[in-house]
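We will go from stop to stop, and at each one you will hear what to select and what to look for.

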Amino acid sequence: MATVAGVAVETGHWIGGERVASAGGSASAPQPTFTDVSPIDERPLAEIARGGARDAEAAVEAARRAFPAWARTGREERARLLHAIADGVEKRIEELAQVETADNGALIRSHRRGVMPRVAHNFRFFADWLLKLGHQDFETRGHTNHVSWDPAGVCALITPWNAPLMLATWKIAPALAAGNTVVLKPAEWTPLTASLLAGITAEAGLPDGVFNVVQGYGAEVGGPLTAHPDVKRISFTGSVPTARIIAASAAPNLTPLSLELGGKSPLIVFADADLDLAVDLAVEQYDNAGQVCLAATRLLVESSIADEFTRRFVEKAGRIKQGDPREETTDIGPQIHRRHLERVDGFVQRAKAAGARALIGGGPNDELGGLYYRPTLFTDAPENAEILTEEVFGPVLTLQTFDTEDQAVAMANGTRFGLAATLATGDPERARRVTGQLVAGTVWVNCFFVRDLQAPFGGARQSGVGREGGDWSFDFYCDLKNTVTAPWAR
Ligand SMILES: NC(=O)c1ccc[n+]([C@@H]2O[C@H](COP(=O)([O-])OP(=O)(O)OC[C@H]3O[C@@H](n4cnc5c(N)ncnc54)[C@H](O)[C@@H]3O)[C@@H](O)[C@H]2O)c1
Ligand SMILES: O=C/C=C/C=C(\O)C(=O)O
């Protein structure tokens, strides 16, 4: 047990309804614990169980045993329990917000008002969607076809640190609603809210073993988890290199995968756009200190307005208040970890060396020190420079200009990613033409990050495999079955 921001947090795994220490004895996890550090001041927060193969095995076994009873539990009862979990989350919004901010450095004000309410909504939405899930029976030469969504079994869910509880529950809720049991492996840099959620599920009355959490490093505990033959689905949100390792690990068992990966998304600003709106949308891309998969990090601006756009952008970005994420007035906080900050800075320094010019930022925030990195905007990056094509996952944007619509589309589509795209235009006809040509899982026109959980969510190209959300989540987490019945009376 540790106390973080005044909240008691269990530090063990959660397996079969019990808090357990690491089983040890596994070469893959040489120490029983690891140290969780706060990005706010790089001070230790807690010693967390460091899982290995035996812990992954124990969690899958607990989930496998719990599966038959949970799969038989009626839809109404499953939905009721998910709503009870949402109630538990809503009662603890402040605690969850405090702990998440201490653990990942994202803003307390976002956690209070946006993220933790969304966590509760993840459970409520999939509970309600389960009750509506269905397909009209249809006939084939007098035979009825009936489509059903059968639970698949144990789901391994592996999640990142940038929005830990929100991204985990976006998978946990549909997996449980579908009648599956779950083993969650949260990111090692942000283990705490998953542990709090385990307590909330128990209080809500979720049966033991239906939801399990194993803590630890990806290779040590995530590896054995994804290779386990009793795991029937793997849903992963994270980076492309890790996705490749997980896909290889899943391959011998042909375990179905859902992969939500990185991006290098564009914001296309046409000369006919509302310029204030376009500038607001652009500056919003520094949210969460740039650690957002969907962030439109490439600003593509029509040449005729580029000077004015840039002037207003620099002016507005200059008013961003960087600092302690626990303060309500702070706009952006620190990077998650020193290793991540160094990675971000590596991109920035290489971009400069390649000839790109930092109009703002371009290095760590010396006044604040620690893990604070200054919001950065590059122009004049040479064609095909790394900074224009690779995901930085920090507060680093690039600005490029275009002269024609075709050029804008070609630039927007010119990376190996395809997670999202945003455009600002005052012309609905243009919006229709351009959106039709963009390669992206989500396209926003004159808006950003408006999310409805019934929409398909995921990425094209290397931004992912598959879609989750609404029916698509149930399609992934279930074994779909079509039952064809001959006429009874002949
Ligand atoms: N598309 C989306 O919905 C979305 C959302 C948020 C973040 N992301 C992406 O996530 C990345 C940032 O997150 P990250 O740095 O935590 O990613 P990451 O790939 O390093 O880690 C993600 C998770 O995978 C685990 N992992 C690492 N190696 C593993 C292995 N060998 N086997 C099993 N699990 C393993 C980690 O422990 C962690 O829990 C960015 O690329 C970002 O774009 C995507
Ligand atoms: O950083 C990435 C944020 C992803 C958002 C979602 O997955 C979501 O809103 O469900």
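**Before you start**

This is a predicted model, in which local features need pLDDT of at least 70 and side-chain atom pairs count only at pLDDT 80 or more, while totals for chains, interfaces and linings use all residues. Residues are numbered from 1 along each chain as its sequence is written, and chains are lettered from A and ligands numbered from 1 in the order in which they are written.

**Stop 1: ligand 1**

Select ligand 1 and the 31 residues around it; a residue counts as near if its C-beta atom, placed from the backbone, lies within 6 Å. Gly-218, Gly-222, Gly-238, Thr-242 and Gly-262 come nearest. Now colour helix H7 (218-227) and helix H8 (240-250), the elements that give two or more residues to this shell. Helices here are DSSP runs (H or I, at least four residues), strands are E runs of at least two, and both are numbered from the N terminus. Which helix gives the most to the shell? That is H7, with five residues. By type, the shell holds 13 nonpolar, 14 polar and four charged residues. In this count Ala, Val, Leu, Ile, Met, Phe, Trp, Tyr, Cys and Pro are nonpolar, Asp, Glu, Lys and Arg are charged, and the others, Gly among them, are polar.

**Stop 2: ligand 2**

Next, select ligand 2 with Asn-162, Ala-163, Leu-167, Trp-170, Val-292, Cys-293, Leu-294, Arg-451 and Phe-457, the residues around it. Seven of this shell are nonpolar, one is polar and one is charged.

**Stop 3: two packed helices**

Show helix H5 (residues 164-177) and helix H6 (residues 192-204), which pack at an angle of about 50° with their axes 8 Å apart. Axes are lines fitted to C-alpha atoms, for helices over the stretch in contact, and angles run from 0 to 180 degrees between N-to-C directions. Display side chains for Pro-164, Leu-165 and Ala-168 in H5, which meet Thr-193, Ala-194 and Leu-197 in H6; contact means C-beta atoms, placed from the backbone, within 7 Å. The residues of this contact are five nonpolar, one polar and no charged.

**Stop 4: a sheet**

Finally, pick out the open sheet of three strands, ordered S7-S8-S24 with antiparallel pairing; strands pair if DSSP finds at least two bridges between them. Strand S7 (138-140) and strand S24 (478-485) stand at the edges, each with a single partner strand, so one side of each has no neighbour in the sheet. S7 pairs with strand S8 (residues 143-151) over three bridges. To see one of the bridges, select Glu-139 and its partner in S8, Thr-144.

Conventions:
Contact = placed C-beta atoms within 7 Å.
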